[in-house]
Amino acid sequence: MNPFLKAAFDEAQLGIQENGIPIGSVLVIDEEIVGRGHNRRIQNGSSILHAEMDCLENAGRLTASDYARAMLVSTLSPCDMCSGAALLYKIPKIIVGENRTFQGPEAYVRSRGVDLQIINDPECIAMMKYFIENSPSLWNEDIGLPS
């Protein structure tokens, strides 16, 4: 596992420890992690704190030139909301730990010029499969499906 995906995976593990949803993300600029986050919807009673949104928030206010050099790394394929945030800030590269358990709007993101790379890391896949099988109602809530 590359070090940036490992950092995102570690964030997802924090989500598990907090009885939340195990998805993690990091924002990397010039080979340095500038933001970290994990899904905190349950912990914070939030409607929007997916891992990528938490990561971007924790990175703080950045300039357009910062985002132009950035890479967003997530353990799971970003959803419409999180992909939209990456597109809004023109983040040119997204690394996805896995998209077997969930696929966001990957073709659309690529059509907008983003270098989207899917790793399909076995640890990321196993973590999400376990969570989905053991917490289906929380998972459905997180991705907007009826329980």
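Trainee: Leaving aside neighbours within four places in sequence, with which residues is Ile91 in contact?
Mentor: This is a predicted model, in which local features need pLDDT of at least 70 and side-chain atom pairs 80 or more, whereas totals for chains, interfaces and linings use all residues. Residues are numbered from 1 along each chain as its sequence is written, and side-chain values use heavy atoms, without hydrogens and water. Contact means heavy atoms within 4.5 Å. On that basis, the partners of Ile91 are Leu27, Leu56, Tyr67, Ala70, Met71, Leu72, Ala86 and Val114.

Trainee: How many residues does the largest nonpolar core have?
Mentor: A nonpolar core is a set of buried Ala, Val, Leu, Ile, Met, Phe, Trp, Tyr and Cys residues joined through side-chain atoms within 4.5 Å; buried means under 20% relative accessible area, exposed over 50%, and partly exposed in between, with a 1.4 Å probe and protein chains only. Leu27, Leu56, Leu72, Ile91 and Ile94 have the most contacts inside the largest core, and its residues number 17.

Trainee: How many residues are in the second, separate core?
Mentor: Phe4, Ala7, Val26 and Met71 are included in this core. Its size is 13 residues.

Trainee: Why does Ser46 count as buried?
Mentor: Ser46 touches Arg40 and Arg41, not counting residues up to four places away in sequence. Ser46 counts as buried because its relative accessibility is 16%.
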